[in-house]
Amino acid sequence: MRERERLRIAVQKSGRLGEPCRTLLARCGLRFRESRDKLFCYGESMPIDLLLVRDDDIPGLIDEGVCDLGFVGRNVLLEYQLSKRSKSAGLREIQGLGFGGCRLSIAIPQDEEWQGPGQLAGQRIATTYPNLLRDWLAKNSVVATAVALSGSVEIAPRLGTADLICDLVSSGATLQANQLKEAVVLLQSEAVLVGAATLPADERGELLEQLLQRLDSVRNVHASRLVMLQAPRVAATTIAGLLPGCPQPTVTSIDGMADQVAMQAVCNVDVSWQHLEALKRAGARSLLVLPVEMILA
Ligand code: PRT
Ligand code: ZN
């Protein structure tokens with residue numbers, strides 16, 4: 001197979017998203033052989049390879065056609081898109097992945113009151129996301145200066161290089177340690193799968209579709225439980241209505257027990273003890289809840 005018939009995915013080499021993204025791909029059945037320099041992983045189970053890079057390089061690599069897909073924080077994707085505007089061939093967020101959650105927020109000193117965007121006028125705000133910040137300031141008609149830094153944004157006010165900061169927050173501990181508090185959220189972020197705006201027209205397009213289906217299935221499976229039970233035939237409709245997430249159960253007769261049925265359903269939400277107790281009160285017995293390994297609809 002020629003090289004570009006293989007799909008190439010850019011993944012963060014280290015950092016917060018590297019490990020969870022590779023775990024997700026492993027759950028999709030992808031196995032890789034790492035190169036000696038640990039920059040490239042050759043796909044052994046499917047013609048899908050990984051390029052291990054810094055997260056900031058991922059949108060550009062897809063834009064230039066070096067990679068077909070990538071995993072990055074939504075914050076990185078949007079910052080890139082704003083920095084490129086018309087110069088970009090077009091990237092799209094294909095799907096959010098449900099991990100790497102954080103917020104891009106403006107933080108102010110703990111002892112100040114937040115009175116709204118107007119309070120930012122004339123301030124110098126340190127950030128590693130100058131384009132996202134400028135965009136938000138413009139939308140809120142605030143004239144302030146975005147001071148672009150490459151890291152350690154939270155110490156800028158103490159160093160006197162800025163008055164406030166605009167940074168990613170997850171637990172809020174870093175802000176607190178620097179006597180700052182979150183004032184306003186500019187963006188809710190999580191890890192996302194990014195691809196070119198148009199699908200490759202060759203074999204890679206099909207591979208991409210197949211991978212997306214597996215990713216979808218892995219995500220659904222994560223929250224899914226198979227519920228199995230037995231119940232009086234007359235209670236089957238009531239019990240079906242009590243199944244969490246209201247799935248359509250399969251109802252089968254039990255040999256030699258004309259008034260009883262066996263029911264099973266895949267519930268795509270958490271199944272709690274309360275759910276089971278409600279099912280039992282409605283007449284269900286022999287309740288069994290099992291984790292689901294794979295689903296292919
Ligand atoms: O080396 P490379 O350039 O690849 O990595 P990086 O250092 O630029 O990024 P990395 O690995 O730190 O983060 C990758 C992505 O994880 C980000 O782009 C976000 O989408 C997501 N993410 C989720 C976070 C956080 N949570 C987070 N808390 N990225 C950074 N932080 C930092 C934040 O900048 C601040 O310094 O953690 C600190 C705040 O955390 P709390 O918990 O104290 O609030
Ligand atoms: Zn980075």
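This is a predicted model: local features need pLDDT of at least 70, side-chain atom pairs count only at pLDDT 80 or more; totals for chains, interfaces and linings use all residues.
## Ground rules

Local features here need pLDDT of at least 70, side-chain atom pairs count only at pLDDT 80 or more, and totals for chains, interfaces and linings use all residues. Residues are numbered from 1 along each chain as its sequence is written, chains are lettered from A and ligands numbered from 1 in the order in which they are written, and side-chain values use heavy atoms, leaving out hydrogens and water.

Helices (H or I, at least four residues) and strands (E, at least two) are DSSP runs, numbered from the N terminus.

## Two crossing helices

Let's start with helix H1 (residues 15-27) and helix H7 (residues 203-223), whose axes come within 9 Å and cross at roughly 100°. Axes are lines fitted to C-alpha atoms, for helices over the stretch in contact, and angles run from 0 to 180 degrees between N-to-C directions. H1 is therefore roughly perpendicular to H7 (that term covers 65 to 115 degrees).

Where they touch (heavy atoms within 4.5 Å), Leu-24, Leu-25 and Arg-27 of H1 meet residues of H7 including Leu-211 and His-222.

## The sheet and its helices

Next comes an open sheet of 5 strands with mixed pairing, in the order E9-E8-E10-E7-E11. Strands pair if DSSP finds at least two bridges between them. At the edges, E9 (145-148) and E11 (180-189) each pair on one side only. From one strand to the next, the twist averages 30°.

Inside the sheet, E7 (residues 102-109) and E10 (residues 164-169) run antiparallel, joined by 5 bridges. Ser-105 has Asp-167 in E10 as its bridge partner. Helix H3 (residues 74-84) packs on the sheet, touching E10 and E11.

Definitions and conventions
Angles under 35 degrees count as roughly parallel, over 145 as roughly antiparallel, 65 to 115 as roughly perpendicular and the rest as oblique.
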